[in-house]
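Dear colleague,

Please find the sequence and structure below. My notes on what was found follow directly after.

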Amino acid sequence: MGSGQRWPAGTDPEVASVARMYDFLLDGRDNYQADRDACAALLDVVPSMKDLALNNRQFLRRVVHYLAAEQGITQFIDHGSGLPTRDNVHQVAQRINPSAAVVYVDNDPIVLAHGRALLGGDPHTAVLQADMRDTKAIFEHTDTQRLIDFDQPVAALFVSVLHCIPDHDDPAALIREVTRRLVPGSFLVICQLVSPDPQVRDFVTEFMDQATQHQWGRVREQHEVRAYFDGLDIIDPPGLVEVSTWMPDNDLLRRQRTFEWEEWGGLARVPQRGHLS
């Protein structure tokens, strides 16, 4: 955005935003110099950052298509949705079923402004400005209640967002609370940034915490993400994997050149209540 551009109330262009950094990595235009500077600093340490962002977006497209086409899911709640780009959740799902309903959730005011402008004419979508940790507010919001029938299966998406939640807010507890509110046969899509290298984990975690003024959690390890799936039926194959290898649909996918970190996770189904731990 140019220096003369007005920004929505509540937006601080001097503070990096995860949603806007992601937009920059996807070659979007809805980002500020603070977001670009933060990305440049991270690329020195994690040069695979842009590859990872693009692979993550392709994973989102593939998993939504699978849910809509193979599992018949027509309702989606996208937590931490980020700024609109190509092949948003509603576009992928509505190619399969034009009446598929999608609720986007993000706490960035720019996401709300751009999302509502893009989706204003679509009666099957809504954008909520909300904290993804506030499940009660999200699920009970009038737009959610209008679009989502919680007596039927729902797909809850947590794609590349749980690393934004600090340990003291317990992302695993968030997943359990969302799962508790969904009927059996619903699905959860979960992935987050992981690294086997403690120096990478510590650097990225500290840098992003400072750059976003504490709107950040932690780069974690695979075993911590695996714990998010406790009590759920993981769709296996492919299981929990680096997301570019989750049901790849062609041989031309972008390859991550280095693996100092990766986006790791998968898809799981909510079982009958007696199976939940």
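Arg20 is buried, with a relative accessible area of 3%; buried means under 20% relative accessible area, exposed over 50%, and partly exposed in between (1.4 Å probe, protein chains only). The model is predicted, and local features need pLDDT of at least 70, side-chain atom pairs count only at pLDDT 80 or more, while totals for chains, interfaces and linings use all residues. Residues are numbered from 1 along each chain as its sequence is written, and side-chain values use heavy atoms, with hydrogens and water left out.

Arg20 lies in helix α1 (residues 18–25); helices (H or I, at least four residues) and strands (E, at least two) are DSSP runs, numbered from the N terminus. The side chain of Arg20 makes a polar contact with that of Asp108 at 3.4 Å. A polar contact is a pair of N or O atoms within 3.5 Å; within protein, one must be able to donate a hydrogen and the other to accept it, and residues adjacent in sequence count only if both atoms are side-chain atoms.

Strand β4 (residues 155–159) is largely enclosed by the rest of the structure, because five of its five residues are buried. Ala155, Leu157 and Val159 cover one side, and Ala156 and Phe158 the other.

β4 pairs in the parallel sense with strand β1 (residues 75–79) over three bridges, and with strand β5 (residues 187–194) over five bridges; two strands pair if DSSP finds at least two bridges between them. Asp78 has Leu157 of β4 as its bridge partner, and Phe158 has Ile190 of β5.

Yours sincerely
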